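Try each task before reading its solution.

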Amino acid sequence: MTLTARSLLAAFSLGVLCAVPALAAPPSHWEYTGPHGTAHWAKMDPSFAECAMGHQQSPINIDRTEKADLPKLAFHYGTVVPTIWNNGHTVQVNVPAGNTLQVGSQTYELLQFHFHAPSEELIKGKSQPMVVHLVHKNAAGELGVVAVLVHPGQDNPALGPVFEHLPYAGEHITVDGLSLDLASLLPKSLGYYDFAGSLTTPPCSEGVHWMVLKEPATLSLRHVADFHKLIGSNARPVQPLNGRVVKESE
Ligand SMILES: [Zn+2]
């Protein structure tokens, strides 16, 4: 990569959203703490108003749930050559087309996945050291995000290689010979919690279908620590439910 390309990417990344692909760069530079932190997002830019005004914001604390006959999550994931991007807010792994998630009559295509440390989602008030957000989109343009909580433990064959090649802020890299078997990223059991929510980063747009897996994946403690050292804490605090019901698969 040329220096020019690298600095352009660094500038571009300042406004880019962690939970959607890079389509547009809003002007305001948001962060997780300080004067541009989570409590101030809505005031920073008119396009961020939903961060404060929305009624179905993410993340949430998953506490009371209703058991429901939810459709199974059918992941049709293959082996991909990824692009790894440090956008300053997270490390995002962009994947080529062709990896899908079928949920009932919905078909979502995987666009990218990225990480938050600690986990943004709480289960009964408890966070995990990390969460992976797998961001999908259906043909109507609606987002479906699968959250996989991460416990420190055995290294993960699909995630480990990403953490061996963490880019510096603004860098967008491919690694010679690196491919990821995406299916091995997932835990064995695919039971999940289902609810309506939003992007967890500005502009906090709603209409996102959230599916949080009940079983966590594992990743080596070293890799969790490496991410934290590079990015710092990047979790938005939990948001009010405002009457939303969290469904839980049987
Ligand atoms: Zn996310």
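**Strand partners**

Gly144 stands opposite His209 in strand E15. Keep in mind that this is a predicted model.

**Exercise 1.** Find the sense, parallel or antiparallel, in which strand E11 and strand E15 pair.

*Solution.* Begin with the ranges: E11 covers residues 143-152 and E15 covers residues 206-213. Four bridges link E11 and E15, and the sense is parallel.

**Exercise 2.** Work out how many bridges join strand E14 to E15.

*Solution.* Strand E14 spans residues 192-198. One place to start is Tyr193, which sits opposite Val212 in E15. The count of bridges between E14 and E15 is seven, and these strands run antiparallel.

**Backbone angles**

Most residues other than glycine have a negative phi, and most peptide bonds are trans.

**Exercise 3.** Locate Pro59 and state whether the bond from Ser58 is cis or trans.

*Solution.* Pro59 belongs to the loop between helix H3 (50-53) and strand E1 (61-62). Next, look at omega for Ser58 to Pro59: the angle is near 0 degrees, and the bond is cis.

**Exercise 4.** Decide whether Cys204 is buried or exposed, and do likewise for Asn242.

*Solution.* Cys204 lies in the loop between E14 and E15, with a positive phi near 60 degrees. Cys204 is buried because it has 27 C-beta neighbours inside 10 Å, and the cut-off for buried is 20 or more. Asn242 occurs in the loop between helix H5 (221-231) and strand E17 (247-249), with phi near 50 degrees. Asn242 has 10 such neighbours inside 10 Å, so Asn242 counts as exposed; the cut-off there is 12 or fewer.

How values were computed. Residues are numbered from 1 along each chain as its sequence is written. This is a predicted model: local features need pLDDT of at least 70, side-chain atom pairs count only at pLDDT 80 or more; totals for chains, interfaces and linings use all residues. Two strands pair if DSSP finds at least two bridges between them. Helices (H or I, at least four residues) and strands (E, at least two) are DSSP runs, numbered from the N terminus.
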